Every structure is written in structure tokens, then in C-alpha cells.
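Have the viewer open as you read along.

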Amino acid sequence: AKGIKARVIPDQEIEERLFYPLINEGFRILEEGHALRSSDIDIVYIFGYGFPPAKGGPMFFAENYVGLPKLVERLKVHAAETKRKLAENKTLLPVDYFEPSKLLLECAEAEKMGMRAKVPAGVPLVDAVLGMKKKGGSKL
């Protein structure tokens, strides 16, 4: 139907397509100032939406289980695939939830540059990057 071909989808891809846009949206929420810190988002998703508490919430999960550079890489892969599908099939609606947020890109770059080692224990990298941005701190 609608020119979509059935295919076998690996478990890893299902996890990425479900959780990575959710995590990306968490970064957008922080970027736009709707939440003060990443743990605010984690609490909402754990107690409001049933995110598995053992994973610490989506923001904690991204930083401590996935890794921010890998998250960015996989979001870009899914964004490119989505654009390709849109080009092939004009009946599909455009989406942007696979496009990495600016804050996520900055945090992934900070992680690659070794900033995590400079962040105090217990402080998420995203919160440290946000704090630098709010203070008008140095560019990463």
C-alpha cells in the first residue's frame, strides 16, 4: 500500500527509531529553555510516560548507555533514509525528528573533545554544556 515494501526490521533499528527521536526531542526541549536540566526530562519520562527507570531516563540513557556521538551518527543515518524515502514516495509526510538538535551536536562534539573528564562527578555533560552556553562561555 502507498508504495511501501515490507522488510525485516532488526531489533536495534526498532530501538533507534523509537528512542533516538525521543532523546533528540529532549535536547530540543533543553535548547528551547522549556526545562532547566536533563534530569527534569528524565523524571517526566520515567514517571509520566513509563520510560524504564532502570535506564535512568532518556537523557541519562543517551549519555551513559548509547554515547552522544553514536546517537548523532545514527540519527543522521535515519534522517538520510527518511529523506530518501520521501523523495521516492510523495504520499509520505515530511518529518524532522531524526535531524539532530543543535544542543545534541554541541554535546556530542564536547564528548569527542574529552570534556566529560572535566565535568564534576554526577553532573551530566549536557547540563555542563548548557551551563556554559547560558554563561556565554567559550565555544566548544
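## Terms and model

Buried means under 20% relative accessible area, exposed over 50%, and partly exposed in between (1.4 Å probe, protein chains only). This is a predicted model: local features need pLDDT of at least 70, side-chain atom pairs count only at pLDDT 80 or more, and totals for chains, interfaces and linings use all residues. Residues are numbered from 1 along each chain as its sequence is written, and side-chain values use heavy atoms, with hydrogens and water left out.

## Aromatic pairs

Rings of Phe, Tyr and Trp (its six-membered ring) pair if their centres lie within 6.5 Å; planes under 30 degrees apart are stacked, over 60 edge-to-face, and the rest tilted. By this rule there are seven aromatic pairs. Phe19 and Phe51 are edge-to-face, because their planes stand at 75°, with centres 5.6 Å apart. This pair joins distant parts of the chain, 32 residues apart: Phe19 sits in helix H1 and Phe51 in the loop between H2 and H3. Helices here are DSSP runs (H or I, at least four residues), numbered from the N terminus.

Phe51 is buried at 7% relative accessible area, while Phe19 is partly exposed at 27%.

Ser38 lies in helix H2 and is buried, with 3% relative accessibility. Contact means heavy atoms within 4.5 Å. Leaving aside residues up to four places away in sequence, Ser38 touches Leu30, Met59, Pro124, Val126 and Asp127.

Val126 and Asp127 are among the buried residues of helix H6 (residues 125-134). What covers the buried residues of H6 includes helix H2 (38-49) and helix H1 (11-31).

How values were computed:
Helix = DSSP H or I, 4+ residues; strand = E, 2+ residues; numbered from the N terminus.
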